[in-house]
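Here is a short briefing on one protein chain. Look over the sequence and the fold first, then take the points below by topic.

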Amino acid sequence: MTHDEPTNFLYPFIDAAEDDADSLLADLTASAQAKAAESLALRRWTLEANAELLARTAAEMARRFATGGRLFTFGNGGSCTDSTILAGLFAHPPVGKSLPAWSLTADQAILTALGNDVGFELVFARQLIARARTGDIAIAMSTSGNSPNLLTALAEARRRGLYTVGFAGYDGGAFADNPDVDACFVVRSQSVHRIQESQALLGYRLWLATHEHVDDRGAA
């Protein structure tokens, strides 16, 4: 860390001249507690605000799984990790039936080949063209809701008869009120960290509700 990279706006105590170890520890503790409280409050609010949408989305996903539908997830950066974890939760659940789900970021060879040969904006859309069919499900995860490659993929998914789900933060960005997005979950926060924490919980609850519907249907 250099003096040209101020961090006071994030962690005021890091750059401060602090000779009292107890005082520094108290600052660290207070910062961690404040962030945990903020995260908890946002996650609770987000679940409540999206309860009805979660129920509708899970029911539609279960219906599609029951008739042979498959799930494709995708995202960039931290959302890439979250989308991969979500696909793994459906495909390799801790309990219950395994459901067909894949992350479109999992194959490095495909991702880099498409990025190099046709452009990064098409890395997910081209995979959907090759693999997806009517009745499948596409979930795009983003903090901004504005990523061009996700919007392109969602438009392609919609054209192919997929059920399209978007996860976004802030005010939903271009995902919100988008005809290519059947269900949009918005985490209304200005913090990337808090957005992704709440999206992870939303993803888990979506899997859980879908799993319960699938069990009720007796789908394999």
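The model is predicted. Along the sequence, the elements follow the pattern α-α-α-β-α-β-α-α-β-α-β-β-α. The protein has 220 residues, of which 43% count as buried. Among contacts with a separation of 6 or more, 68% are between residues 24 or more positions apart.

**Strand S1 and its partners**

- Strand S1 covers residues 71–75, and 5 of its 5 residues are buried.
- Leu71, Thr73 and Gly75 point one way from S1. Phe72 and Phe74 point the other way, and the residues of both groups are buried.
- S1 and S2 run parallel and are joined by 3 bridges. Thr73 has Ser103 of S2 as its bridge partner.
- Between these two strands the chain passes through H4, and this β-α-β crossover is right-handed.
- S1 also pairs with S3, again in the parallel sense, over 5 bridges. Here Leu71 stands opposite Ile137 of S3.

**Nonpolar cores**

- In general, nonpolar side chains of soluble globular proteins tend to be buried together.
- The largest nonpolar core has 31 residues. Met61, Leu71, Phe90, Ile139 and Phe167 touch the most other members.
- Helices H2 (21–49), H3 (51–66), H4 (78–91) and H8 (192–217) each give two or more residues to this core.
- Another core, of 20 residues, lies apart from the largest one. Ala132, Leu150, Leu162 and Cys184 are among its residues.
- What is Phe90 in contact with, leaving aside its neighbours within four places in sequence? The list includes Met61, Phe65 and Leu71. It also includes Lys97, Ser98, Leu99 and Ala101. Leu206, Trp207 and Thr210 complete the set.

**Aromatic pairs**

- The structure holds 5 aromatic pairs.
- One of them is formed by Phe72 and Trp102, with 5.9 Å centre to centre and 25° between the planes. The pair counts as stacked because planes under 30 degrees apart fall in that class.
- The pair links distant parts of the chain, with Phe72 in S1 and Trp102 in S2 (residues 101–103), 30 residues apart.
- Trp102 is at 35% relative accessibility, so it counts as partly exposed.

**The loop between S4 and S5**

- Most residues other than glycine have a negative phi.
- Tyr170 has a positive phi of about 55° although it is not a glycine. Tyr170 sits in the loop between strand S4 (163–169) and strand S5 (183–187).
- Tyr170 has a relative accessible area of 26%, so it is partly exposed.
- Asp177 also has a positive phi, of about 55°, and is not a glycine. Asp177 is placed in the loop between S4 and S5.
- Is Asp177 buried or exposed? Its relative accessibility is 82%, so Asp177 counts as exposed.
- Asn178 is found in this loop between S4 and S5 too. Asn178 is at 17% relative accessibility, so it counts as buried, the cut-off being under 20%.
- What does the side chain of Asn178 reach? It reaches the backbone nitrogen of Asp180, at 2.8 Å.

- Glu60 lies in helix H3.
- With a relative accessibility of 18%, Glu60 counts as buried, because buried means under 20%.
- The side chain of Glu60 makes a polar contact with the side chain of Arg63, at 2.8 Å.

Key. Residues are numbered from 1 along each chain as its sequence is written. This is a predicted model: local features need pLDDT of at least 70, side-chain atom pairs count only at pLDDT 80 or more; totals for chains, interfaces and linings use all residues. Side-chain values use heavy atoms; hydrogens and water are left out. Helices (H or I, at least four residues) and strands (E, at least two) are DSSP runs, numbered from the N terminus. Buried means under 20% relative accessible area, exposed over 50%, partly exposed in between (1.4 Å probe, protein chains only). A nonpolar core is a set of buried Ala, Val, Leu, Ile, Met, Phe, Trp, Tyr and Cys residues joined through side-chain atoms within 4.5 Å. Contact means heavy atoms within 4.5 Å. A polar contact is a pair of N or O atoms within 3.5 Å; within protein, one must be able to donate a hydrogen and the other to accept it, and residues adjacent in sequence count only if both atoms are side-chain atoms. Rings of Phe, Tyr and Trp (its six-membered ring) pair if their centres lie within 6.5 Å; planes under 30 degrees apart count as stacked, over 60 as edge-to-face and the rest as tilted. Two strands pair if DSSP finds at least two bridges between them. A crossover is right-handed if, with the strands pointing away from the viewer, the path from the first strand over the helix to the second runs clockwise.
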